[in-house]
Amino acid sequence: MLAEQEQRETMQERIARIRQRLASIPEDKVLVSQQGRSDSICWECANCTPGKCEWAAELKPVWSKAIRVNSSGQALGPYAYRVQECGFFEQEEG
Ligand code: SF4
């Protein structure tokens, strides 16, 4: 019971941390108009796994440019981010 409560609190803390992080993404990293690709380059990135990318693992914005779009109903915040430029991007093969 206590372990479950600790685990739940840890998850709540994690969600709060991620929400705070998403809310504090610098404006100069964000494109608010729909310029660029409509999807995220992460879908084609060989590093898109939690073990290789902190954006994939914890939504830490390691990228340099993303399109910000409204995401009504998303649990972690009012916006979703479609990554456009990232220094850690590696084209997935195949
Ligand atoms: S493009 Fe950048 S942010 Fe996206 S999965 Fe790859 S390394 Fe992570």
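A residue is classed as buried if 20 or more other C-beta atoms lie within 10 Å of its own, as exposed if 12 or fewer do, and as partly exposed in between, with C-beta atoms placed from the backbone. The model is predicted: local features need pLDDT of at least 70, side-chain atom pairs count only at pLDDT 80 or more, and totals for chains, interfaces and linings use all residues. Residues are numbered from 1 along each chain as its sequence is written.

**View 1. The protein chain.** Of its 94 residues, 13% are buried. The chain holds 2 helices and 3 strands, in the sequence order α-β-α-β-β. Helices (H or I, at least four residues) and strands (E, at least two) are DSSP runs, numbered from the N terminus.

**View 2. The largest nonpolar core.** Ten residues form this core: C45, C53, W55, W63, A66, I67, Y81, V83, C86 and F89. Strand 2 (65-70) and strand 3 (79-85) each contribute at least two of its residues. A nonpolar core is a set of buried Ala, Val, Leu, Ile, Met, Phe, Trp, Tyr and Cys residues joined through C-beta atoms within 7 Å.

**View 3. The surroundings of A66.** Beyond its neighbours within four places in sequence, A66 is in contact (C-beta atoms, placed from the backbone, within 7 Å) with K29, V30, L31, Y81, R82, V83 and Q84.

**View 4. G87 and W63.** G87 lies in the segment after strand 3. G87 counts as exposed because it has 7 C-beta neighbours inside 10 Å. Although G87 and W63 are 24 residues apart in sequence, their C-alpha atoms are 6.6 Å apart.

Notes
Two residues are in contact if their C-beta atoms, placed from the backbone, lie within 7 Å.
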